[in-house]
Amino acid sequence: MTTPLPETAATVPPPGCPAHRPAGPAATALFGAAVAEDPHGLYARLREQHGPVAPIELEPGVEAWLVLGYPELLELTRNEQLFSKDSRRWRVPAEGRLKSDSRLLPMTAWRPTLLNLDGAEHHRLRAAVSETLARIDHRQLRQATEAAADTLIDGWGPDGTADLIAQYARQLPLMVFTQLIGLPAEAGPHIVQLISHFVDSSDKSVRANAEFQAILLDLVRKRRERPAADLTSWLLAHPAAITDEEAVHHLVVIMVAGNETTINWTGNTLRLLLTDRRFRATLTGGRLTVSDALDEVLWRDPPTQNFPGRWATGDTVLGGQYISAGDMLVLGLAAANADPSVLTPEGIGGNRAHLAWGAGKHVCPAQQPARLIVETAVETLLHRLPDLQLAVPGHELAWRPSPWSRALVSLPVLYSAFTPPRTPPSERPAWTPPPLPSVSTPSAATSTPRTPGSERQGPRSWWNSLAGWWSGR
């Protein structure tokens, strides 16, 4: 529970806040090898040392608070009056302590989007994004994902080896997302490289962020003049009267949050299926399903493990820590999911009360399309390569050193043979990538049986040409 401090205390930072850090609890680095190699151990140690809210550094000299407790994270995300989404309240840059080339800028800089606004403006922009995403036809999205998956798998060499991150998880979502927003297919590889730079807060993140926005601005201007059946056009046509600047920044949100999260969710689910005996049995008729694996990943290794953030509007207390006005609070999504106060002896089977999507008014609006893409990608791969197995011991798999994403560097596998894609029914025409519809089509939960007639389709020329260009053929 949070409690605003009395006005008399507001002028003097209380012991334990970042301004008094030398005399208070020592800050722990939330960057580098520690957060990549053993984040679960790191969060457990922070919880033991500091309780549900812990002092951290996001880069040397840049302090923040990591919210580890499940109830505290709910309080943080639901109390808009005390904890704002407006990063312009952050006192670190206001005090001149954030370098102009800081790797944190792409993930913390204020943008005119639903991620950085509160109140009525947030409601206006969220409605535009949510209703735009609702216009995606889920049946066609599944077909597009299956076709892209089949094409990628068919492009692998005959030696029975593959890297499921570089050759599958990192390529497949972008093949779908470029079509969704209306970008040319050949822009895909470069865009995913740009996204990786600023999500990982790498030394190229600032330049990558600027280049990515320039590409999207060009797309928005073209769609303003010549609308098409894609997310960009629908966003611009929404009654919320989205400006070009707002459209660009929301496309950044859709591409980064959607694409990067989908990549990581796919990779982490495949890792779980290949390393955990409970799920490995699924391939030979075991009890747990792909849908179960998707949910467990959202609990144990969510694709976004930490997310910035909230900014305190005044001096207050959260989780026993004194928070000063302008402090940044980071949502510890993975840590909150592991809070002992919410875990039961029976485990998490069938429970979707995780915080992988956030909580409150800013909860992710793209959960259903993301789940459909990931589940389809995983199911298609397992159907095509039923004897898939890791090429290295599970403990040798490496993770990217990102404070935000929970993402594998690679996932090398072995397999003996392909299973051909299912042949489409003879009475149905050969599939070509459909234009996205202008009205939404309700979709059943992704864990239910497939709709009759929606069998996997073989790869077609459009996807073949894209995959060929991608691999240099």
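A residue counts as buried when its relative accessible area is under 20%. Keep that cut-off in mind as you move through this predicted model.

**Stop 1: the whole chain.** Of its 473 residues, 55% count as buried. The chain exposes about 19,600 Å², and carbon and sulfur atoms supply 56% of that area.

**Stop 2: His122.** Select helix α7, residues 119–133, and find His122 in it. Is His122 buried or exposed? Its relative accessibility is 4%, so His122 counts as buried. Now show the side chain of His362. The side chains of His122 and His362 make a polar contact at 3.2 Å. Beyond its neighbours within four places in sequence, His122 also touches Leu114, Leu117 and Lys361.

**Stop 3: the open sheet.** Select six strands in the order β2-β3-β4-β10-β7-β5. They form an open sheet with mixed pairing. Look at the edges: β2 (28–29) and β5 (83–84) each have a single partner strand, so one side of each has no neighbour in the sheet. Strands of a sheet pair through backbone hydrogen bonds, either parallel or antiparallel.

Zoom in on β2 and β3 (residues 53–59). These two run parallel, joined by two bridges. Find Thr28, which stands opposite Ile56 in β3.

Technical notes:
Residues are numbered from 1 along each chain as its sequence is written. This is a predicted model: local features need pLDDT of at least 70, side-chain atom pairs count only at pLDDT 80 or more; totals for chains, interfaces and linings use all residues. Side-chain values use heavy atoms; hydrogens and water are left out. Buried means under 20% relative accessible area, exposed over 50%, partly exposed in between (1.4 Å probe, protein chains only). Accessible areas come from the Shrake-Rupley method with a 1.4 Å probe; for residues, only the protein chains shown count as cover. Helices (H or I, at least four residues) and strands (E, at least two) are DSSP runs, numbered from the N terminus. A polar contact is a pair of N or O atoms within 3.5 Å; within protein, one must be able to donate a hydrogen and the other to accept it, and residues adjacent in sequence count only if both atoms are side-chain atoms. Contact means heavy atoms within 4.5 Å. Two strands pair if DSSP finds at least two bridges between them.
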